[in-house]
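Colleague: I have not seen this entry before. Could you please take me through it?
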Amino acid sequence: MSETELLAPDELERRLRAIGDERYHIHHPFHHLLHGGRLTKPQVQAWALNRYYYQASIPAKDAAVLGRLPTPELRREWRRRIVDHDGDGTKPGGVERWLKLTDGLGLDRDYVVSLRGLLPGTRHAVDAYVNFVKYRSVLEAVASSLTEMFSPDIISQRVSGMLRGYDFVSAETLAYFTPRLTQAPQDVEFALGYVKREARTREEQEQVMDALRFKCDLLWAQLDALHYAYVEPGNIPPGAWRP
Ligand SMILES: O=C(O)c1cc(C(=O)O)c2c(n1)C(=O)C(=O)c1cc(C(=O)O)[nH]c1-2
């Protein structure tokens, strides 16, 4: 098949899944260590502290996408994501639940929320995601969320691996992840249907695939930064959290 021919929607989906099989952060050495119970408590704390910035930025990212969607139907669908993360004022959303995780690991909440201890690599990778959805096409913005196709697998591995591997982690500490197992497939059903329907030229289909590669890369870059600072060579940048 030539590089200019339109792909059948199911073939596009197959190629998107192949991108995840190759590039998703489930394959990163830091995650193997995390899930295998082979990190120290300070290394797990460093992961939770840095990942907080990703969690806290997701609703800002989704608000940026929401503002660009052209119809009430699309905006209604996307609005749900913001509520999932920010909560609705009666039950906690994902950001608050992530702070339960950092509390449970013994990190000071004010310090976590201040973002003062972040690795520069975390900050730049997460900011790149928020900027991507602001400045690329709506199609690419929606496509960049599609790493969630692969997140239920990594979350299942993580929860079982961490409960088995660390005596300082409890099911309550990891409660962040439980709702994600139903929220992510719901998000994906919409986003995948959208890109399969709305990518109407091969060029747009290539943009969709590139958006997913970009997103896999920024998840990967966050773990590279953690590994370099806190595993080996253990070179913690100036200003970043020190155990
Ligand atoms: O635990 C993970 O490895 C993981 C990965 C991802 C992802 O693939 O982007 C998300 C999440 N978790 C997650 O909890 C989450 O809320 C989320 C939102 C998004 C997004 O791009 O809109 N990805 C992810």
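**Ligand shell and fold**

Modeller: By class, the shell around the ligand consists of four nonpolar, four polar and two charged residues. Please keep in mind that this is a predicted model.

Colleague: Which residues surround the ligand?

Modeller: The ligand is surrounded by Ile58, Gly94, Ser145, Thr147, Glu148, Ser151, Ile154, Ile155, Arg180 and Leu219.

Colleague: And which helix provides the largest share of that shell?

Modeller: That is helix α9, residues 151–165, with three residues of the shell.

Colleague: Turning to the fold, how many helices and strands does the protein chain have?

Modeller: The protein chain has eleven helices and zero strands. Its radius of gyration is 18 Å, close to the 18 Å that the globule rule gives for 243 residues, so the chain is as compact as a globular protein of that length. Along its principal axes, the C-alpha trace spans about 50 × 40 × 35 Å.

Colleague: What share of the residues is buried?

Modeller: Buried residues account for 35% of the 243 residues in the protein chain.

Colleague: Which residues of the largest nonpolar core touch the most other members?

Modeller: Of the 53 residues in that core, these are Ala48, Ala143, Leu146, Val195, Val208, Leu212 and Leu226. Helix α11 (202–231) is one of the helices that each supply at least two residues of this core, and α11 gives the most, with eleven residues.

Colleague: What does Leu226 touch, leaving out residues up to four places away in sequence?

Modeller: On that basis, Leu226 touches Phe30, Ala46, Trp47, Asn50 and Leu119.

Technical notes: Residues numbered from 1 in each chain as written. Predicted model: local features only at pLDDT ≥ 70, side-chain atom pairs only at ≥ 80, totals over all residues. Near = placed C-beta within 6 Å. Helix = DSSP H or I, 4+ residues; strand = E, 2+ residues; numbered from the N terminus. Nonpolar A, V, L, I, M, F, W, Y, C, P; charged D, E, K, R; others polar. Rg over C-alpha atoms; globule rule 2.2 N^0.38 Å. Buried ≥ 20, exposed ≤ 12 C-beta atoms within 10 Å, placed from the backbone. Core = buried A, V, L, I, M, F, W, Y, C linked by C-beta atoms within 7 Å. Contact = placed C-beta atoms within 7 Å.
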